[in-house]
Amino acid sequence: MIKTIKLKNNILKTRIIIKNKSISDYLIKISKSKKKIFCIVDYKLKYLVNKLSYKDNLNFLYLKGGENIKTNRVYANVCDQLLSKNIDRESILVAIGGGTIGDLCGFISNTILRGVDFKLIPTTLLSQVDSSIGGKNGINSKYGKNLIGTFYHPSEVIIDPDILKTLPIRQIKSGYAEIVKHSLINDLNFFSWLEKNYIRFFNLDMKVIERAIHKSINIKLYYVEKDPKENLKDNNSRAMLNFGHTFGHSLESFYSYNKKLNHGEAISIGMITEAVISNKLGFLKKNELNKIISHFKKAKLRLYDKNTKKNNILKNIIKDKKNLKNRVNIVLLKGIGKSFYKRNIKIDYLEKIIKSI
Ligand SMILES: NC(=O)c1ccc[n+]([C@@H]2O[C@H](COP(=O)([O-])OP(=O)(O)OC[C@H]3O[C@@H](n4cnc5c(N)ncnc54)[C@H](O)[C@@H]3O)[C@@H](O)[C@H]2O)c1
Ligand SMILES: [Zn+2]
C-alpha cells in the first residue's frame with residue numbers, strides 16, 4: 001500500500017512526505033516547472049534517475065556518497081559545476097542520497113547565489129529519520145567534523161522507505177539506533193512499540209518502517225520546533241537529541257572515524273553507557289535500564305566497547321568546549337522516554353562509573 005503522510009509544520013515551512021516508490025514521480029512532477037533543476041545524486045542511485053535524463057530542465061551531477069565528500073574541495077568543485085551550468089536564483093537544488101550528500105548540498109543550497117530552493121530526498125535510514133530533519137548542514141574541517149555549515153531548511157523532504165531495500169543491514173542498524181534514541185528520550189509507548197515490532201522492522205516490513213520513520217521524525221521535530229538553533233539549555237533543548245552522543249562521538253573520534261565503528265554503533269554504545277550513568281546516579285531505575293539493555297541485545301545493537309574505559313575517551317569529552325573545569329554536562333534519562341540535561345558531573349565520578357561497567 002502506498003501511504004502519504006504530510007507533516008504540517010508552520011514554523012519551519014518544510015513539507016515532509018513519506019511515500020513508497022515516490023522518487024521518480026516526484027522528479028517528473030517538479031520538472032514540469034520552467035525552473036532549472038539541479039539534482040546531486042549518489043552514484044549508487046544513478047539507476048533511479050537514468051530514465052529521466054531526457055528531461056531538458058533536469059540536470060544531474062553524481063557523487064560517491066561518504067564522509068570524504070564533506071570537504072572544502074568538493075564543495076568548491078560542485079559550486080563551480082553548478083555555476084558553469086548557469087544556475088540562477090530561481091533554480092532548484094535537489095539532493096538524492098544519504099546524510100553526507102544531504103549535508104553537503106544543504107550547505108551549497110544556502111550559500112550558492114546566497115541561497116536557492118532546496119529539496120531533499122534522503123535515501124539511507126539514518127538520513128530519513130535524522131539528518132534530513134532540522135536544517136543543519138555542513139562540511140568537515142581538519143579541526144573536526146561538521147565545523148563549517150549553516151541552518152537552512154529544505155522546502156520539501158521526500159522520504160521513500162522502499163529505497164531502503166538496497167541498504168546493507170549494518171546501515172539499517174545505524175539508522176535504527178537513532179530511532180531507538182528518539183524513543184528513549186521522549187516516548188515510552190514508542191519504545192514499547194519498537195520492542196514488539198523490531199523483527200518486522202529488520203525484515204523491512206514497509207508498514208512498520210513507515211510508522212517508525214513517521215514517529216521518529218515527529219519526535220525530532222518536537223525539539224527542532226522548540227529550539228531551532230540549539231540555544232535552549234532546558235529539557236526541551238535540541239541537546240536532548242545528543243543522548244548517547246557524548247560518549248558516542250568520543251568513541252568515534254578515538255577510532256578516527258574509521259570503518260570499524262560506524263555512527264550508529266558508536267551511539268548505541270554511547271546510549272548504553274549514558275543509561276548506566278543515569279542509573280548509577282540514581283535517576284534511572286534498574287528494571288528500566290535492564291529493559292533497555294535487553295532490547296539492544298535482541299536487536300543486536302552494540303552495547304559495549306572495551307575502549308570506552310580508555311582515558312582518551314574522557315579526555316576527549318572534557319576537551320569539548322561545553323565541559324569546563326573537569327565537570328561534564330550530559331543528557332541523561334530519568335526513565336524510558338524522559339531525558340534531561342544534567343550539569344556539572346565531576347569527571348572523577350564519571351571515570352569511576354565507566355571503569356566499573
Ligand atoms: N545534518 C544533520 O542534522 C545530521 C544528523 C545526523 C547525521 N548527519 C550526517 O550524516 C552523515 C551520515 O549519513 P549516512 O549514514 O546516510 O551516510 P552516507 O551518505 O555516507 O551513506 C552511507 C552509504 O550508503 C550509500 N547509500 C545511500 N543510499 C543508499 C541506498 N538507498 N541503497 C544502498 N546504499 C545507499 C552511500 O553511497 C554510502 O556509501 C554524516 O556525515 C553525519 O555527520 C547529519
Ligand atoms: Zn547521531
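Leu147 counts as exposed, at 53% relative accessibility. The value comes from a predicted model. Leu147 belongs to strand β8, which covers residues 144–148. Together with Tyr143 and Ile148, Leu147 makes a nonpolar surface patch. The patch has an area of about 350 Å².

The search finds 10 aromatic pairs. One of them is formed by Phe190 and Trp193. The ring centres lie 6.1 Å apart, with 25 degrees between the planes. The pair is stacked, because planes under 30 degrees apart count as such. Phe190 and Trp193 both lie in helix α7, residues 188–202. They are 3 residues apart there, so about one helical turn separates them. Both residues are buried.

Ring pairs also link Tyr43, Phe60 and Tyr62 into a cluster. Another lysine, Lys173, lies over the face of Phe202. Here the distance to the ring centre is 4.7 Å.

The metal site was examined next. Three residues coordinate the zinc ion (ligand 2): Glu178 through OE, and His245 and His263 through NE2. The distances run from 2.0 to 2.1 Å. In sequence, the donor residues are spaced E-x66-H-x17-H. Glu178 lies in helix α6 (residues 169–186), whereas His245 lies in helix α9 (residues 245–254). The pair therefore ties together parts that are 67 residues apart in sequence. Glu178 and His245 are both buried.

Leu113 has a phi near 55 degrees, a positive value in a residue other than glycine. Leu113 sits in the loop between α4 (99–111) and β6 (117–122). With a relative accessible area of 32%, Leu113 is partly exposed. That value falls between the limits of 20% for buried and 50% for exposed. Ser256 is not a glycine either, yet its phi is positive, at about 50 degrees. The loop between α9 and α10 (263–280) holds Ser256. Ser256 has a relative accessible area of 56% and is exposed.

Notes: Residues are numbered from 1 along each chain as its sequence is written. Chains are lettered from A and ligands numbered from 1 in the order in which they are written. This is a predicted model: local features need pLDDT of at least 70, side-chain atom pairs count only at pLDDT 80 or more; totals for chains, interfaces and linings use all residues. Side-chain values use heavy atoms; hydrogens and water are left out. Patches are made of residues with over 30% relative accessible area and no salt bridge: like charges are joined within 9 Å, nonpolar side chains (Val, Leu, Ile, Met, Phe, Trp, Tyr) within 5 Å. Accessible areas come from the Shrake-Rupley method with a 1.4 Å probe; for residues, only the protein chains shown count as cover. A salt bridge is a side-chain nitrogen of Lys or Arg within 4 Å of a carboxyl oxygen of Asp or Glu. Helices (H or I, at least four residues) and strands (E, at least two) are DSSP runs, numbered from the N terminus. Buried means under 20% relative accessible area, exposed over 50%, partly exposed in between (1.4 Å probe, protein chains only). Rings of Phe, Tyr and Trp (its six-membered ring) pair if their centres lie within 6.5 Å; planes under 30 degrees apart count as stacked, over 60 as edge-to-face and the rest as tilted. A charge sits over a ring if NZ of Lys or CZ of Arg is within 6 Å of the ring centre and within 35 degrees of the ring normal. Donors are N, O and S atoms within 2.8 Å of the metal (3.2 Å for Na, K and Ca); water is not among the atoms, so sites may look incomplete.
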